Structure formats: structure tokens, C-alpha cells
Amino acid sequence: MFFDKKTRRGLSTIVTSAILLSAVAVMGVIVVTWANTNLVKHQQDLDSTVSTNYNKINEKILIEHVWFNQNGPVVNMTLNNIGTIGLNVTSVIITNVTSSQTYSFTHTNGGIFPNGTLSLTETFGWVTNTPYKILISTERNNQFETQVVSP
Amino acid sequence: MRYRRGLSTVVGAVFFIIATTTVVTYITYSMNSIDNFSQSVIVSESQNIDRGRESITISQVGIVNNKFNMTVTNTGSLPVKLTRLWVTNQDGVTSDQKADLNIQLNPGQQQYNIGQSTAITAESTASYNLKVVTERGNISTFQVSPNTSTRIQLITPGTVAPNTDFKIISLITNNSTTPNNIANLTPTMLSNVTLTLVDGPNPANIDALPQGSTAAFTWTYTAPVTSGGISMNASYTGAPTGKFVLSNFTNQLSAEAAAATQSQWSQAASRVGILISGIPNPIHSLTNSLEYAKWGIGIINPLDRDVEVYAAGVLFTNPNILNTVVGVEPGSGIGLWSKRALGAGANMAVWEGGSTPVIIPAKSVGQFRFETDFSSNTLYESIVTMQALTSEGKLTVQYVISSDSAANYPLINAFYSTNAASPTTSWTYNLNNIPGNTNDKLFNMTVQNAGADFPSKIKVLILVPSDFTDVQDYTAGSGGWGVASIFTNPDGSRIIKVETTASTFLGGTSKTYQFTADTPSVTSDKLYVFQTTTIYPSFTGTGQSELASALSEAGVEIVP
């Protein structure tokens with residue numbers, strides 16, 4: 001052993017400590033960074049979930065009036081946004097309850113402001129004195145349903 | 001060693017702080033997000049609860065001025081804002097109508113006249129469904145329809161007397177089992193005979209008849225003059241087909257009423273007859289006193305053929321009464337008027353046509369008039385018999401007159417005149433060629449005292465046949481007459497009762513009473529008689545009887 005015993009012990013301790021400290025620091029930074037990233041992502045997910053659900057529960061439609069045009073195969077309906085946020089009607093599905101026949105209609109311009117109304121005209125061959133189920137879907141995937149009987 | 005321990009602690013502390021801060025921040029943020037969401041859920045649920053606590057009722061709907069008149073009540077515990085009214089006409093194919101509303105209602109508050117200021121129109125004969133929408137999204141509906149379950153009841157008298165007023169009541173009940181008003185309920189009433197409506201329906205209509213309610217409507221009619229069955233049909237405007245009720249009753253005089261008003265002259269003449277056209281009574285019997293007594297014998301001919309009159313006259317059972325006979329009609333050259341002494345028992349004033357009888361054309365009245373002077377020197381109550389020999393047979397009628405030669409005895413004539421200004425020169429018992437369907441036709445009835453002053457008022461009774469309507473007192477308190485009372489008899493005829501105002505009717509004067517009436521509408525000539533009786537309420541004492549009465553039965557010919 002031709003190294004000075006005293007000097008070798010001191011250097012080894014410093015190097016080792018540096019190595020250990022560096023390793024711990026790197027690992028710590030990695031762990032903290034990973035944890036932070038994870039938490040931010042969770043925060044964003046939480047934000048999105050809360051926002052979506054918040055909007056969904058505040059979205060309300062009143063199917064205010066439905067009337068069958070007796071001069072033709074047309075059904076008119078007036079929707080009233082009684083919720084606190086604007087919404088967008090995307091589809092209307094009308095089902096003949098007696099025969100289970102379904103008529104689907106999509107809408108791309110179905111926005112309604114709060115307290116606003118939207119009048120829709122759907123064309124299909126309705127049958128007199130027959131119950132129909134009307135299902136309204138919104139962009140937020142809320143669904144509102146009513147039933148009417150044709151005159 | 002001291003340095004190593006310090007560095008490690010610092011590094012560890014840094015990491016600990018970083019980790020702790022991150023975790024705490026995340027947890028805090030999550031808690032806040034969840035709290036916000038919870039608040040949102042609470043708010044949303046609160047809105048749902050409010051929607052559930054909101055309640056409105058359309059308590060009544062009517063139609064006024066062709067618009068809905070609606071009453072809405074806030075029956076919930078929260079203020080309500082009405083935002084829209086929808087109306088669906090269930091009878092037609094017209095588009096549904098809507099109107100925006102902006103009506104705030106506090107709990108328990110009612111709002112009236114909703115719909116009156118909108119552009120939505122309504123008809124009482126149609127069925128409607130009304131829908132009111134609130135801002136929170138609640139809907140209240142109401143049905144307005146005449147086409148609903150109803151019950152109609154009709155209350156009529158069992159029997160009515162001709163030409164008298166009677167009432168009919170119609171009860172209409174809304175029997176609907178759902179909230180349903182009959183809006184603008186207007187009753188209808190039909191009859192199988194022509195009735196004169198005096199009043200009604202009362203009320204004319206009602207804005208709305210709510211479910212379970214009953215409305216009563218009253219009519220007052222005058223029964224027809226002609227007896228017969230009457231059938232009434234009660235319903236309402238817009239009623240479903242077949243929704244009506246019938247009630248039958250009889251229009252006839254009760255036996256008592258018929259007996260009380262028995263007079264052949266209350267209706268149109270139907271057979272040939274002799275009329276006591278003019279009989280003076282009482283008679284002042286001083287020879288050649290102030291004026292002559294006026295007599296008339298009428299022959300009424302309602303037949304479609306002519307009637308020939310060969311002779312007419314008045315037989316006096318007391319031969320001491322008649323002194324002079326002055327023929328007036330027929331005039332000279334047509335037969336001959338004369339006084340004929342019949343011995344101790346009687347004498348007679350008579351007209352005889354010989355070979356040229358008087359022709360009374362179909363549906364007309366003929367009259368024989370003469371004046372007499374009397375020569376009695378004492379009190380007589382004498383039977384007089386009017387006679388006429390016609391182509392339809394011998395006609396006879398009797399009367400009784402009172403006469404006296406006393407200086408204070410009156411001589412009362414009763415007759416009609418064509419000129420009210422000079423009645424004694426235009427006296428007649430034949431009012432002919434009077435146009436039918438004429439309103440307010442004026443008639444002149446004259447009472448003349450051709451004797452001494454008459455210490456009594458004179459009351460006159462004039463029976464106007466039932467076909468004449470709207471009989472009015474034209475004189476009405478003037479010309480020495482009081483205001484007349486006009487009564488309608490059960491058979492529809494009317495009796496005018498009028499009295500002179502002065503307590504003494506001066507000798508040598510006359511008073512003409514005038515009345516008006518709407519003449520009947522006729523398609524061919526129709527004959528009537530104005531039966532006129534005088535009464536002297538104060539004509540009492542020796543030789544003076546309240547039984548004395550001058551009489552005039554004037555023939556009235558109504559032409560189309």
C-alpha cells in the first residue's frame with residue numbers, strides 16, 4: 001500500500017459523499033419532477049371533470065310546447081333553456097311508442113342562451129292519436145325527454 | 001463529520017419541503033375544486049327544489065271581446081314569473097299561438113285579465129287548450145270548451161194564459177271531470193210558436209262557467225193570443241250536437257179567466273151579427289129639448305159574400321117615449337125612416353128598404369143611424385129591441401133605457417167620430433178602411449150630453465180587441481178627461497178605463513176621448529168591434545139609476 005493512509009481515507013469520504021449527494025440530488029429532482037408532473041396532470045383532470053360535471057348539472061331544457069302540424073307531416077317544438085348556462089342541442093330523436101319506429105334528426109345550429117328558446121321543426125309522417133317519445137340531446141351529452149300524443 | 005451531517009440534513013429538508021408543498025398544494029386545490037362542485041350541486045339541487053315548490057293554477061278562463069280573459073293564481077310558496085302563454089285550438093287546423101308574458105306573482109297572489117293584452121284571438125264556439133309556462137320551467141294547462149259534459153235543465157210553467165207574461169229558467173251545469181271552463185256561455189232558447197220576448201236572457205251570458213258550477217238564465221215571454229201547446233228548446237252556443245232539453249206546456253185560459261173575460265168582441269168578428277152601435281141612455285124626454293138622441297144599428301159582415309139588409313129598427317115597449325124619428329143613414333132616397341105606432345103597447349123607429357135593400361159588402365160593416373126626440377112626461381125604464389132583417393136571417397138584440405122628463409135629466413150619447421174637432425157632425429159607428437199594420441192609429445170616442453147638466457162624472461170603458469197592440473192613452477189627462485188605466489185581459493184584449501174630471505157634465509157639451517193602437521197586420525179585410533160602455537157613478541136618487549149606460553159598439557174594418 002503506497003497511498004498515504006490518512007489522505008486516502010479523506011479523499012474517499014469526500015468523493016463518496018459527493019457521489020452520494022449527487023445521486024440523491026438527481027434522484028430527488030427526478031422524483032420531485034415526476035411527482036409534480038403527475039400532480040399537475042391530476043389537477044387538470046380534476047379541473048376537467050369538475051367543469052364538465054358542473055356544466056352538465058347546470059344544463060336544463062324545458063320542452064315547452066310540442067304541436068303537430070295538421071296540414072302536413074311536421075312536428076314543431078319549442079325548447080326553453082331554463083338552466084344557468086348556454087347549451088347546444090345536437091340531436092332530436094322521436095320514437096313512435098306504439099310501433100317503436102324511430103326518427104332521428106341532427107342539428108348543428110342548436111345553441112340556446114340561458115332563458116332563451118329554440119324552435120325546431122322536424123318532418124316525418126306522424127300518425128294521429130299516437131303517443132310519441134321525444135328525446136333531446138345536447139353537446140354535453142345531457143338528454144331531456146318528454147312524451148306527447150298526436151291529435 | 002459535523003459538515004457531512006449538516007449537508008445531508010439540508011438536502012433532505014429541501015426535498016421534504018418540496019414534496020410537502022406539492023402535496024399540500026394538490027390536496028388544497030382538489031379540495032377547492034370538490035367544494036366548488038359541491039356548491040354547484042347544491043345550487044342545482046336548490047333550483048330543482050324551488051321548481052318543485054313553485055305552483056300555479058289557472059283558476060278561470062273566459063272569453064271577453066274575442067280574447068282570452070284568464071285568472072292565474074300562485075298557489076305555491078315562491079314568487080313566480082309567467083313567461084309564456086300557449087293556445088291550441090283543438091277544433092281547427094290553425095297553428096298554435098303563443099304570447100310572451102312578463103307577469104310576476106307573489107305567493108297567494110292572483111293576476112286577472114291575462115290574455116286581454118295579447119294578440120291571441122278566441123271564439124266562444126271553439127275548444128282551446130291553454131298552457132302557461134313559468135320562468136323556472138313549470139307548466140299549468142287549462143281546457144276551455146263548450147264541447148264538454150254539461151247538464152241542461154229547463155223550468156217552465158205548467159200552463160200559461162194567452163197574452164200574459166211568463167218566465168222560463170234554464171239551468172246549465174258544467175259536469176266536466178277535468179279543469180274545464182265553458183267560456184262566454186251564451187244560452188239559447190227556441191220555441192215552436194212565435195213568442196214575444198219581454199226580457200232576457202238574464203244574464204245574457206257569463207264569461208266562464210267553471211267545472212262543477214251551475215248558471216241560471218231567465219227569460220220573460222208573452223204568451224201568444226191563440227191558445228195551444230208551446231214547446232221550448234234550451235241549449236247554449238257551441239253546445240255539442242244533440243245537447244239540448246225540451247219542455248212542453250200549454251197556453252190556454254183557465255176556466256175562471258175565460259169566464260171573466262167572455263166577450264165576443266175581444267176577438268175578430270167571425271159571423272154576421274147586429275151591433276148595438278149606438279144607444280143613448282139616460283134620455284131627457286122633454287119634447288124638442290137641446291138635441292136629439294143618437295141611435296145606431298150596426299150589421300157586421302165578416303163573410304166572403306154580401307149581406308142584404310131589408311129593414312132595421314128599434315122597438316120601444318113604452319109608446320110614450322118616442323116622439324120624432326129623424327133618419328140619418330141610409331139617407332134620403334134609400335128606403336125610408338119612419339115612426340110606427342103599434343098601439344098602446346109600443347111604437348117603433350124603423351127603416352124599410354122595400355125593393356132596394358142596403359147591401360153590406362163582404363168583410364165590411366154597415367150602419368143604420370137615426371136621431372129621436374122624446375115625449376115622455378114621466379119616468380120610464382123601457383126595453384128597446386134592435387132588429388134587422390137580413391139575407392142571413394133576422395137579427396135581434398135588446399137593451400134597456402131610462403128616460404124622464406124632469407128638467408134636470410141628462411141625455412147621453414156615445415159614438416165615435418172621424419173629426420175630433422167637430423164630433424157631433426161627424427159621428428159614426430163604422431170605422432172603415434183603416435190600414436192594417438199601422439202604428440199609433442188614433443181613434444176618437446165621444447160622449448155627448450144633449451140634455452140637462454149631468455151631476456156626475458162619466459166613466460168610459462173601451463174594449464179593444466186582442467189583435468190591436470200597444471194601446472196608449474192619447475188624451476192622457478187633457479180635454480176634461482183624467483189619465484186612463486189600460487188593462488190587459490187574459491185573452492189578450494185590453495180594456496181602457498177613463499173618467500171625466502169634472503164632477504158635472506154640462507148639458508149641450510161633448511168630450512172626445514182619444515186613444516191610439518197599433519192596428520193588426522191582415523192579408524184581407526178583417527172586422528172588429530170597439531165595445532164602449534159608459535158608467536155614471538153619481539147618477540143616483542129617485543128615477544136615477546147607476547144601471548143607466550149609453551152604449552156604442554162601433555164596427556172597425558182593418559184593410560191590408
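**View 1. Chain A as a whole has one helix and eight strands.** Helices here are DSSP runs of H or I with at least four residues, strands are E runs of at least two, and both are numbered from the N terminus. Read along the sequence, the pattern of chain A is α-β-β-β-β-β-β-β-β. This is a predicted model, in which local features need pLDDT of at least 70, side-chain atom pairs count only at pLDDT 80 or more, and totals for chains, interfaces and linings use all residues. Residues are numbered from 1 along each chain as its sequence is written, while chains are lettered from A and ligands numbered from 1 in the order in which they are written. Chain A has 151 residues, and 20% of them count as buried. A residue is called buried if 20 or more other C-beta atoms lie within 10 Å of its own, exposed if 12 or fewer do, and partly exposed in between, with C-beta atoms placed from the backbone.

**View 2. Chain B as a whole has two helices and 39 strands.** Of its 560 residues, 40% are buried. Let us also look at contacts, where two residues count if their C-beta atoms, placed from the backbone, lie within 7 Å. Taking contacts in chain B between residues at least 6 apart in sequence, 74% join residues at least 24 apart. For chain A, the value worked out in this way is 58%.

**View 3. Here chain A meets chain B, with 27 residues from chain A and 25 residues from chain B in the contact.** On the side of chain A that touches chain B, the elements giving two or more residues are helix 1 (5-57) and strand 1 (61-69) of chain A. The largest share of that side, 17 residues, comes from helix 1 of chain A. Sorted by class, the side of chain A that touches chain B has 13 nonpolar, 11 polar and three charged residues. In this sorting, Ala, Val, Leu, Ile, Met, Phe, Trp, Tyr, Cys and Pro are nonpolar, Asp, Glu, Lys and Arg are charged, and the others, Gly among them, are polar.

**View 4. Strand 6 (residues 128-134) and strand 7 of chain B form a hairpin with four residues between them.** In the turn, B:Gly137 has a positive phi of about 100 degrees. The two strands run antiparallel and are joined by six bridges; strands are said to pair if DSSP finds at least two bridges between them. One place to look is B:Leu130, whose bridge partner in strand 7 of chain B is B:Phe142. Strand 7 (residues 139-144) of chain B has a covered face made of B:Ser140, B:Phe142 and B:Val144, and an uncovered face made of B:Ile139, B:Thr141 and B:Gln143.

**View 5. Four strands of chain B form an open antiparallel sheet in the order 8-10-15-13.** Strand 8 (150-155) and strand 13 of chain B are the edge strands, and each pairs on one side only. Four bridges join strand 13 to strand 15 (residues 214-222) of chain B. Within this sheet, B:Asp199 stands opposite B:Thr220 in strand 15 of chain B.

View 6. B:Pro203 lies in the loop between strand 13 (196-202) and strand 14 (206-209) of chain B. B:Pro330 is found in the loop between strand 22 (322-329) and strand 23 (336-341) of chain B.

**View 7. A:Asn129 and B:Lys363 each have a positive phi without being a glycine.** Phi is about 50 degrees for A:Asn129, which lies in the loop between strand 6 (117-123) and strand 7 (131-138) of chain A. A:Asn129 counts as exposed because it has 8 C-beta neighbours inside 10 Å. For B:Lys363, phi is near 55 degrees, and its place is in the loop between strand 25 (358-360) and strand 26 (364-374) of chain B. B:Lys363 has 21 C-beta neighbours inside 10 Å, so it counts as buried.

**View 8. The largest nonpolar core has 78 residues.** Such a core is a set of buried Ala, Val, Leu, Ile, Met, Phe, Trp, Tyr and Cys residues joined through C-beta atoms within 7 Å. B:Ile462, B:Val464, B:Ile496, B:Val529 and B:Val556 touch the most other members. Strand 21 (residues 307-316) of chain B gives the most to this core, with six residues. A second, separate core of 30 residues includes B:Val61, B:Val80, B:Leu105 and B:Val132.
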